[in-house]
Amino acid sequence: MGFKCGIVGLPNIGKSTLFNAMTQTVSAESANYMFSTVQPNIGDVAVPDERLDKLAAIAKSAKVVPTRINFVDIAGLVRGASKGEGLGNQFLAAIRESDAIVHVLRCFEGGDVTHVESRIDPVSDAETVETELMLSDLESLERRIIPIEKRAKTGEKEALQPYHLMMKALDLLREGKPARQADLTPEEREPYRQLGLLTQKPVLYVSNVDEASAANGNAHSKRVDAMAQVQGARAVAISAGIEEELTQLPAEERAEYLKSLGLEEPGLNRLIRAGYDLLGLITFFTAGPKEARAWTVEKGAKAPRAASVIHSDFEKGFIRAETIAYDDYVAFNGEAGAREVGKFRLEGKEYVVRDGDVMHFRFNV
């Protein structure tokens, strides 16, 4: 499953540093000048999940395979991007191809890195990027709605829903609000998503703070938290500097380094999990002697859909899913123990997969 989170923000706010740390590479050039990232860099990142190691230990698995998510480091945006300023067109195209937006904001003072607008105001930075995305959506919709409106006014049924949804988005954008705030029925959500609007995508704000603020944030990141709460978005605070230093340390020294800073885990773990959740995804597992593996599926997916993630044939010939909840698998020391106490379940085609389910699919093709 190719789920992508596009990392966006103004130039020189730490996007590429975070991306490099996340992928533990130097594939994204970090530099103190505008547009050091020109072509989007894509990183395939493992989703941290302590449950997987516990399952592997119980099942005595020879191999452990985490689930993964793609992060895309996109060129920095400047005012006027919606009109092609800077690398605007390239920037907007890269966001359009992403499923969700990870918006990095500068929340640290001083340092050698020059802010593109010579001031530290993360809320204003967020508004700059959001405005450019809204202007791009507005221009796109106003152009695309003209032929749809003509068809809808003649009573053409196929044009009525697209016209209705486009007008919902246009009304919001003209009020200066992002398209994601539209009030939609369950039936409207997928066709609305297919409009391909930039501001319809879910947003995670990442406050890039100084090292001293990594554990508890600072005044700047708290403003970002408040903004996210009002918007119904998510926010996490991370020090890109700390994450970069962690990648330079031997694995056995990282825990002690984090402890010295008052941190329980790398901030990037929280970022990756938040990005995963932002996309509306859950994890189910398979576990056995050969391997313990985490798999990704959308929230609300039924058992045959989960089976198709492993192999398309599993969905076509789906018979049933043998299922154990993660907590039961651990509490009763694996499949055999769960069976003995009645925690092993046989689920059919209508079963909605739950996060943490340990599953084995029966199929016939």
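**View 1. Six nonpolar, one polar and two charged residues make up the lining of the largest cavity.** This is a predicted model, in which local features need pLDDT of at least 70 and side-chain atom pairs count only at pLDDT 80 or more, while totals for chains, interfaces and linings use all residues. Residues are numbered from 1 along each chain as its sequence is written, and side-chain values use heavy atoms, with hydrogens and water left out. Ala, Val, Leu, Ile, Met, Phe, Trp, Tyr, Cys and Pro count as nonpolar, Asp, Glu, Lys and Arg as charged, and the others, Gly among them, as polar. The residues to look for are I101, H103, A126, V129, E130, L133, R180, V203 and Y205. Helix α4 (122-153) gives the lining its largest share, four residues, and β5 (100-107) and β6 (203-209) each put in at least two. Helices (H or I, at least four residues) and strands (E, at least two) are DSSP runs numbered from the N terminus. The space inside comes to about 60 Å³, and the count of cavities of 30 Å³ or more is one. (On a 1 Å grid over the protein atoms alone, a 1.4 Å probe fits in a cavity but cannot get out; a pocket is an open set with protein on both sides within 12 Å along at least five of seven lines; lining residues have an atom within 4 Å of a point.)

**View 2. The largest pocket holds about 1,000 Å³.** Its lining takes in 28 residues, and R193, Q200, P202, L278 and L279 are the ones closest to the centre. By class, that lining splits into eleven nonpolar, seven polar and ten charged residues. Helix α6 (residues 186-193) brings the largest share, four residues. For both volumes, grid points are joined across faces, edges and corners, and the space is what probe spheres set on the points fill.

**View 3. Six strands build an open sheet with mixed pairing.** Read across, the order is β2-β4-β1-β5-β6-β7 (strands pair if DSSP finds at least two bridges between them). At the edges sit β2 (41-46) and β7 (234-238), each pairing on one side only. From one strand to the next, the twist averages 25°. Strand β1 (residues 4-8) runs parallel to β5, with four bridges joining the two; here V8 stands opposite H103. Helix α4 packs on the sheet and touches β5 and β6, its direction making about 145° with that of β5. (Contact means heavy atoms within 4.5 Å; axes are lines fitted to C-alpha atoms, for helices over the stretch in contact, and angles run from 0 to 180 degrees between N-to-C directions.)

**View 4. Helix α4 meets helix α7 (residues 219-231), with axes that come within 9 Å and cross at roughly 45°.** On the α4 side are P122, V123 and A126, facing H220, R223, V224 and M227 of α7. Sorted by class, this contact has five nonpolar residues, one polar and one charged.

**View 5. Helix α1 (residues 15-23) crosses helix α10 (residues 267-278) at roughly 95°.** The axes come within 10 Å, and the angle makes α1 roughly perpendicular to α10. L18, A21 and M22 of α1 touch L268, L271 and I272 of α10. The class count here is six nonpolar, no polar and no charged residues.

How values were computed: Parallel < 35°, antiparallel > 145°, perpendicular 65-115°, else oblique.
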